[in-house]
Each structure stands twice: as structure tokens, then as C-alpha cells.
Amino acid sequence: MREPWVVGVSGASGTPYAAAVMRGLLDAGEAVDLIVSRAARLTILDETGRPFRDGHWADDLAAWLGRELTGADVRHWPAGDLAAGPSSGSYRVRGMAAVPASTAACAGIAIGLSKDLLQRAAEVNLKERRPVVVVPRETPVTRSHLEHLIALHDAGAVVLPASPGFYGAGASASAQQLVDFVAGKVLDALGVPHTLFRRWSGELAAAQRDADRT
């Protein structure tokens, strides 16, 4: 039986994180159900110059990810479709990542608002005790945002801020390396293998780079 991971993309800045998580899941041979909120479509357009349209989602997703989707197990659900598969606990999925997660999405999931399919799917996965990773990308944060993140933690979600580490690449890290670091941490939280970043090995990065050259 097909058991995909649900990836929900909200309207927060940081859509490259979502693209990196998607690529990581597909590279691992995982099935993916994708939900892109209405606000996220505007953010994708702003950050990539590319549209994301329900009627052309496969072509638009391939352009966004920079790869062909031939052979990939991906299904797209419109964010306004509250009768979609991920809206029900009886629809089998492995878990969900909300990446990036806007303050509005965090609040809606935390209080069970189910304003759209993204929020509903996250709530369903929490109630079914499946893995849920929420990636807030906002700074600074207000007290209400912190309270919503605590509520998500208490409900069983992994709250994983988009906070990249610099070990491995250091100050010379490229934007893609920093994006991949966060995406790799999301995949770690979901239990999906990847090679998106160099793991800490107990050796300083400079020493490790010297060893790699020899």
C-alpha cells in the first residue's frame, strides 16, 4: 500500500527549503503528497520567478525542483480541497513536514483551525500520532508565536526552525549548502536517509578538509 510523506508548503519566505526537502525525499525513493498553500504560490513566484498552478502542477514542480519527475511517486492536492486524501486519518501516510511554516500556519495547526488542507493534514497527522515536523522561518518572534510553537511541541510535533549550521563548510558555505543543512535536519527528524550535509565526526572542519585533500 502506498504510504507517502506529506509536504506542506506555506506562504513564509523560504521555499528553497521545501524544494530541498522534496528533492531529498525523491532521492530516497519516497512517495510524496504535496500541498502548496495559496500564499505559498505567491512566495514561490517571488523567490523563483516560476508559477505554481493546479492545472500544470507537474510541469511547474519539475521546473521548481530543477529535475524531471519521470518515475517519481508524487501526488499534488489543491490546498482548498478539504475532501482530499490527507484530510482524513484513514488515508495512510507516513507523516508530514510543514516547510516553511508561516506564523499563520503554525497558529492554525496549533489551535486546530483547519483553515486549509495544509493545516488540516498537519492536525490529522498529529492526532494519529505520526511524525510531524514544523519548520518556522520567522525572526524575531512574538510571544503568541512562541506559545503556538510550544503547543505544537506538546502535541507531538518536532519544531525545527530554519537555523542552518556552519560546521563542515564554515563561512564559505554557499546558500545551497545552508538550505541543504536545514533540509537534511528535516529528513533526519522524519527518519529518511540522505547525504545533504557532512555530519559532525568529532573533528574540526579544517582538520577534516585537510584529511580529505590527502
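This is a predicted model: local features need pLDDT of at least 70, side-chain atom pairs count only at pLDDT 80 or more; totals for chains, interfaces and linings use all residues.
## Basis of the model

Local features need pLDDT of at least 70 and side-chain atom pairs count only at pLDDT 80 or more, while totals for chains, interfaces and linings use all residues. Residues are numbered from 1 along each chain as its sequence is written, and side-chain values use heavy atoms, with hydrogens and water left out.

## Domain record

An unreviewed UniProt entry lists residues 5-190 as "domain: Flavoprotein"; such annotations may be inferred rather than shown by experiment. Over residues 5-190 the chain is 44% helix and 16% strand. Helices (H or I, at least four residues) and strands (E, at least two) are DSSP runs, numbered from the N terminus. The end C-alpha atoms of this stretch are 9 Å apart.

## Helix 1 and helix 7

Two packed helices are described by the angle between their axes and the distance between the axes. Helix 1 (residues 15-27) and helix 7 (residues 175-190) have axes 8 Å apart and pack at an angle of about 60°. Helix 1 is therefore oblique to helix 7; angles under 35 degrees count as roughly parallel, over 145 as roughly antiparallel, 65 to 115 as roughly perpendicular and the rest as oblique.

Residues in contact (heavy atoms within 4.5 Å) include Pro 16 and Tyr 17 of helix 1 and Leu 178 and Val 179 of helix 7.

## Helix 4

The buried residues of helix 4 are Ala 105, Cys 106, Ala 107, Gly 108 and Ile 109. Buried means under 20% relative accessible area, exposed over 50%, and partly exposed in between (1.4 Å probe, protein chains only). Among the elements covering these residues are strand 4 (95-101) and helix 6 (143-155).

Thr 103 is also in helix 4 (residues 103-111), and counts as partly exposed because its relative accessibility is 33%. Leaving aside residues up to four places away in sequence, Thr 103 touches Glu 138 and His 145.

Most residues other than glycine have a negative phi, and most peptide bonds are trans. The bond from Val 99 to Pro 100 is cis, with omega near -15°, and Pro 100 lies in strand 4. Another cis peptide bond joins Thr 139 and Pro 140, with omega about -10°; Pro 140 sits in the loop between strand 5 and helix 6.

Ser 114 has a positive phi near 55° and belongs to the loop between helix 4 and helix 5. Arg 129 has a positive phi near 60° and lies in the loop between helix 5 and strand 5. Arg 129 counts as exposed because its relative accessibility is 67%.

Technical notes: Axes are lines fitted to C-alpha atoms, for helices over the stretch in contact, and angles run from 0 to 180 degrees between N-to-C directions.
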